[in-house]
Amino acid sequence: QALLTPEDAVLSDELNHASIIDGIRLCKANKYRYKHMDMQDLEAKLKEAQKYRLRLVATDGAFSMDGDIAPLREICQLAQKYNALVFIDECHATGFLGPSGRGTDELLGVMDKVTIINSTLGKALGGAAGGYTTGPKPLIDLLRQRSRPYLFSNSLPPAVVGCASKALDLLMESNAIAQSMAAKTQRFRSKMAAAGFTISGKDHPICPVMLGDARLASVMAEDMLNRGIYVIGFSYPVVPKGKARIRVQISAVHSDEDIDRCVEAFTEVGRKHGAL
């Protein structure tokens with residue numbers, strides 16, 4: 001809203017997070033929605049949007065419901081070709097994706113090509129509240145003067161700032177946490193696939209166990225909780241019809257034993273309810 005005017009255009013992945021969608025609805029820019037991670041469709045819409053002053057491509061870095069990762073290299077190449085800006089939301093990437101946990105732009109080697117990064121302090125950086133935007137200094141100066149959510153909200157509580165600051169210190173001191181996340185994610189995904197489950201996405205700690213049926217996802221999640229494992233079933237309207245799932249989120253505090261016990265429980269519950 002603070003950046004784009006009716007003279008501009010914003011191009012959004014169709015599966016972007018609801019917060020991105022709402023932000024786009026609030027702005028006065030001309031709106032284009034391209035098919036999920038479809039670079040041919042994005043290019044077609046970038047060509048169509050050439051008549052506008054600014055073009056902003058907006059995408060999640062990592063998509064929270066599917067565990068897949070935006071093709072940022074290709075997006076940045078198209079943005080360069082058609083003189084567009086790139087905005088990524090890193091709420092599901094900051095702190096654990098990339099060699100040092102800096103996010104999808106680090107993972108895919110495009111840290112110098114993404115214009116604007118929006119992320120949260122409420123997940124990997126402490127799990128509390130708040131967020132941040134990074135980008136060119138003129139943009140940040142503009143947001144400080146014109147961004148309504150920044151101007152008309154309270155400052156973060158000092159405890160939240162201290163927690164997030166410490167989390168960043170831990171990440172910058174060593175890449176051990178980010179590397180352990182990658183290894184634990186691979187362990188869970190490979191063992192679940194070997195057991196016969198379909199896991200959406202690729203190499204992301206959000207591991208959606210695809211089940212299809214809403215009731216099946218609900219009763220399996222309940223049975224998992226009875227076994228001491230807290231996972232959440234998602235179904236329509238949070239995800240498309242026929243794409244019900246149980247979303248598992250791997251954490252740095254999970255041990256290999258925790259992961260193996262989770263896979264064993266999924267296998268037992270899956271057999272019980274005919275999912276395997």
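In which loop does Lys241 lie? Lys241 is found in the loop between strand S8 (232–234) and strand S9 (244–249), where helices (H or I, at least four residues) and strands (E, at least two) are DSSP runs numbered from the N terminus.

The model shown in these views is predicted, so that local features need pLDDT of at least 70 and side-chain atom pairs count only at pLDDT 80 or more, while totals for chains, interfaces and linings use all residues. Residues are numbered from 1 along each chain as its sequence is written, and side-chain values use heavy atoms, with hydrogens and water left out.

**View 1. The whole protein, with its helices and strands.** The protein has 10 helices and 9 strands, and its C-alpha trace spans about 60 × 40 × 35 Å along the principal axes. Of the 276 residues, 44% are buried, where buried means under 20% relative accessible area, exposed means over 50%, and partly exposed lies in between (1.4 Å probe, protein chains only).

View 2. S1 is joined by 5 bridges to strand S2 (residues 30–34), and the two run parallel; strands are said to pair if DSSP finds at least two bridges between them. Within this pairing, Ala9 stands opposite Asn30 in S2.

View 3. Lys241 counts as exposed because its relative accessible area is 65%.

View 4. Most residues other than glycine have a negative phi, and most peptide bonds are trans. Met37, in the loop between S2 and helix H2 (39–48), has a phi near 55 degrees, and this residue counts as partly exposed because its relative accessibility is 27%. Asn83, in the loop between helix H3 (72–81) and strand S4 (85–89), has a positive phi of about 55 degrees although it is not a glycine; with a relative accessible area of 61%, Asn83 is exposed.
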